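Reader: I am new to this structure and would be grateful for a close look at a single part of it.

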Amino acid sequence: MTRCQSCSAPLVANINLCRYCGTRNDVDLHGKHSYQMHTHASDRICPECQIPLQTIDLNLHGEFLIERCDKCYGLFFDPGEIETLLDSSVSNVFHINDELMRNINRERYQGHKKVKYLKCPVCQVLMNRSNFGHRSGVVIDRCRDHGIWLESGEISHLMEWKKAGGQMLSEQKKQQAESQPDRPAPARKSSNFDSIMNSRHDDINLVDSVSDMIFRLFD
Ligand SMILES: [Zn+2]
Ligand SMILES: [Zn+2]
Ligand SMILES: [Zn+2]
């Protein structure tokens, strides 16, 4: 349970505004990652507050730079960085916990929020809005060229979603949608040559599915 830095009240569902004392908290990074703040402001601009973002090094397998707004604690990730962060923070998920997934979404996403398009912190072009994975509840703002903006609390929410098996569920849904029942699976042949060819074929499929998986997150 994350607590308010100012009054220690619990912050439910990674919502950063303390309902007791009104303090805004960095629920994503405070106490969860050891990070270094770069002293210089970056030339990227917060799409909510219109002030320069600060560069932060999360120190994940070496240097791992993201940008954070000092005021609203929103985070900006370069393409691919969210997956890396999710993979290194949440692993060993082997089953889908349906109830947990329902609950995390119920706590965080009760009210309707007004849809607002935000400008990319880098190029200032309006970003696209899309769902991150199946049933994550998180709508991301993405610039195809520069990366993804997440509101404060959303990366923590995505970690909980992944822990509940959300990413697995996403992948299953995709596979179901893509599987073509009319195409029969190739029969395995018994000769050595064929089994070598088949195992090569499997390797190639694996590589395909890993890169597919990464794209699938952003459908
Ligand atoms: Zn408080
Ligand atoms: Zn901001
Ligand atoms: Zn951009």
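This is a predicted model: local features need pLDDT of at least 70, side-chain atom pairs count only at pLDDT 80 or more; totals for chains, interfaces and linings use all residues.

In which hand, left or right, does H1 pass H3 in their crossing?

Author: The mean pLDDT of the protein is 79, and 75% of the residues reach 70 or more. Among the elements, strand E7 has the highest mean pLDDT, at 97, while helix H5, residues 192–216, has the lowest, at 43. Over residues 194–219 the pLDDT lies below 50, and this stretch has 13 contacts in the model beyond near neighbours in sequence.

To the question itself: the crossing in which H1 passes H3 is right-handed. Helix H1 covers residues 81–89 and helix H3 covers residues 154–163; their axes come within 10 Å and cross at roughly 50 degrees. An angle between 35 and 65 degrees is neither roughly parallel nor roughly perpendicular, and H1 is therefore oblique to H3. On the H1 side, the residues that take part in the contact are Leu85, Leu86 and Ser89, and they meet Ile155, Leu158, Met159 and Lys162 of H3. Sorted by class, this contact of H1 with H3 has five nonpolar residues, one polar residue and one charged residue.

H3 also meets helix H2, which spans residues 98–108; the axes of H2 and H3 come within 9 Å and cross at roughly 160 degrees. Because angles over 145 degrees count as roughly antiparallel, H2 and H3 are described as roughly antiparallel to each other. The crossing of H2 and H3 is left-handed, whereas that of H1 and H3 is right-handed. From H2, the residues Met101, Ile104 and Arg108 meet His157, Glu160 and Trp161 in H3. The contact of H2 with H3 is made up of three nonpolar, one polar and two charged residues.

A hairpin through three residues links E6 to E7. Within this pairing, Cys143 stands opposite Gly147 of E7, and Arg142 has Ile148 of E7 as its bridge partner.

E6, residues 139–143, is also joined to strand E5, residues 128–131, by four bridges, and these two strands run antiparallel. There, Asn131 has Val139 of E6 as its bridge partner.

E7 pairs with E4 as well, in the antiparallel sense and over three bridges. In that pairing, Leu150 of E7 is the bridge partner of Leu75.

E4, residues 75–77, pairs in turn with E3 over two bridges, again in the antiparallel sense. Glu67 stands opposite Phe76 of E4. E3 and E4 form a hairpin with six residues between them, and Tyr73, in the turn, has a positive phi of about 60 degrees.

Finally, E3, residues 65–68, pairs with strand E2, residues 52–57, in the antiparallel sense over four bridges. Here Asp57 stands opposite Leu65 of E3.

How values were computed. Residues are numbered from 1 along each chain as its sequence is written. Chains are lettered from A and ligands numbered from 1 in the order in which they are written. Two strands pair if DSSP finds at least two bridges between them. Axes are lines fitted to C-alpha atoms, for helices over the stretch in contact, and angles run from 0 to 180 degrees between N-to-C directions. Angles under 35 degrees count as roughly parallel, over 145 as roughly antiparallel, 65 to 115 as roughly perpendicular and the rest as oblique. A crossing is left-handed if the near helix is turned anticlockwise from the far one by less than a right angle, and right-handed if clockwise. Two residues are in contact if their C-beta atoms, placed from the backbone, lie within 7 Å. Ala, Val, Leu, Ile, Met, Phe, Trp, Tyr, Cys and Pro count as nonpolar, Asp, Glu, Lys and Arg as charged, and the others, Gly among them, as polar. pLDDT is the predictor's confidence in each residue, from 0 to 100.
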